Structure formats: C-alpha cells, structure tokens
Amino acid sequence: MRAFAAAAISAAALISLAPSPAMADQPAYPIKSRRLTHNALYQTGQFQQGACKTPALTDRGHGTVRGYLTTSFGCLNTAWSKHMRAARLPLGKPSFRYYTKGSEPFCQVKVEDVLPGAYCNPTGQIGVYLPGVVREYAPEVGFMLVMAHEYGHHVQRESGIFAAAVSEKYVSKAHELEAQRRYELQADCLAGVYVSSVWEAQRRSLPEWGTIIAVAWAIGDEKGAKTNDHGTRDNRARWFNKGFAAESPSACNTWTAPSGKVA
C-alpha cells in the first residue's frame, strides 16, 4: 500500500518530519480546493450490500493467490461501478496486475519498492507484489484490505481528488506531507466502505474483524518514523473503521479533519 510514497501528491520528494507530541493540538493546514473538501463523492449515499465469492486459498502459490486477487478486483469493479452509476458519477475501470518478480517495473519504480501493493495514477493500474513470506503468512483479510485500499486510490483519481491534491498550493513541506496523509487515510476509509458491503455476505467472523483491524493498524507509520506519509497506526485503523461503520463515502472526508486525526 505504499503507493508512490512521496510521489503520490507531488513529483518533489517530501522532507522527513518526525511527529511532534503537540501535533494533535495544532490546527489543520488550510485546504482550499472544494474538489477536496466538498467533493461529490461524499454525497453518493450508502453502499449497497453485495456478494463477492472469492476462491478458497487452498495454498499460497502464485496461481492461487493471483486467482484470489483477480476475483477480488472484479468484485471491487462491480461494487464501485454500481455505486457511482447510481449517483450518476463517472468511474472508469482500472487495470490490475499481479507481479511475481520484485525487479519488474511498475509505474517508474521496481514493484518490490511498493510492496505489497500500489496504485499508479498515470496509468490507472493496481499492482500487487507479494514475496514469499508475505504471500505465505499474511491473513486472507489482509489481501482484501490491500486490494480495497488501492481501489480507493482509483476512486480518488476518478472523482478528481488526486488532481485537486496535486494542484493544491502548499505553504510548506509539512503542509504537503499532511496532505499526503489525508490522501492515504481517505483511501483507508474508502476501503472500509467496500469491505463493509461484502463482510456479511462472506460470512466473516469476529476474529477476522480483529485481524483486519490489526492489519490496518500494523501498516501505519511507526512513532518516530523519519517520513510519516501514510498516517499513524491508530489513525489508519480509525479511518478504516470509520468507513466500515458508516458504509458510505460521506464518512471519508479527511480533507476537513483536524490535524490530530490525520497525523
């Protein structure tokens, strides 16, 4: 999910920023674009409950995992297309590729540099690379979260959020870095919206709920990280849960949230 890291918002590399204990009390940097703060995506209503029958992960070989992820990708296409069509908003379909070699190129970098998954805004492609230890031991709901998060980036692109974020005028590197986190945390929230729509139909268990929240938490930026560009562990889990509980993109407006909620 480390999609583009510093390049997702700007072509310029973002400076390192160690989180400050006072960050939660600081006011948010101003976001002026209404395409970010009042995007039509937030008015699209609740997701309809749907079904997504994914094949069983009988083993963790490339073929089985590719089949699982490809089916998940199809389910995401169906669910988001239906939702946006009902709201009379456009949504083109992205492409998906499962990579088996980390040295393969993906969006001007090696795919191993963005594992386990990433979204390429210039091409509209979702790429997933799962090296052996990740592929063999990651929980199934972790795969679901990866796909849902990266598809969330596609929704951001299609709804004009990515373009607006790139065009926004930032007053400092810290401002730009906070915007990067708003962008990533919004994708977490949109992932929660989709996962909620298929959770019951897939007969997911309470332990699996605990696992997916734990995964969302674990992939957050660690305290004291040199570059906090995706959000703290608590905030990543919080925004995913926020989307899951609301079952609607209306809960995912990270662009008006206070700084502490997007740290």
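Is His154 buried or exposed in this structure? His154 is buried, with a relative accessible area of 1% (buried means under 20%, exposed over 50% and partly exposed in between, using a 1.4 Å probe and protein chains only). This is a predicted model, in which local features need pLDDT of at least 70, side-chain atom pairs count only at pLDDT 80 or more, and totals for chains, interfaces and linings use all residues. Residues are numbered from 1 along each chain as its sequence is written, and side-chain values use heavy atoms, with hydrogens and water left out.

**Confidence**
- The chain has a mean pLDDT of 88 (the predictor's confidence in each residue, from 0 to 100), and 89% of its residues reach 70 or more.
- Over residues 1–25 pLDDT stays under 50, and the model has 78 contacts beyond four places in sequence for them (contact means heavy atoms within 4.5 Å).

**Around His154**
- You will find His154 in helix 4 (helices are DSSP runs of H or I, at least four residues, and strands are runs of E, at least two, numbered from the N terminus).
- Not counting residues up to four places away in sequence, His154 touches Leu91, Gly92, Lys93, Pro94 and Tyr119.

**Nonpolar cores**
- The largest nonpolar core has 60 residues (a core is a set of buried Ala, Val, Leu, Ile, Met, Phe, Trp, Tyr and Cys residues joined through side-chain atoms within 4.5 Å).
- Helix 6 (173–199) is among the elements that each supply at least two residues of this core, and its eleven residues are the largest share.
- Leu69 is one of the residues with the most contacts inside this core; leaving aside neighbours within four places in sequence, its contacts include Phe96, Val128 and Met147.
- A second, separate core of eight residues includes Tyr99, Cys107, Val114 and Tyr129.
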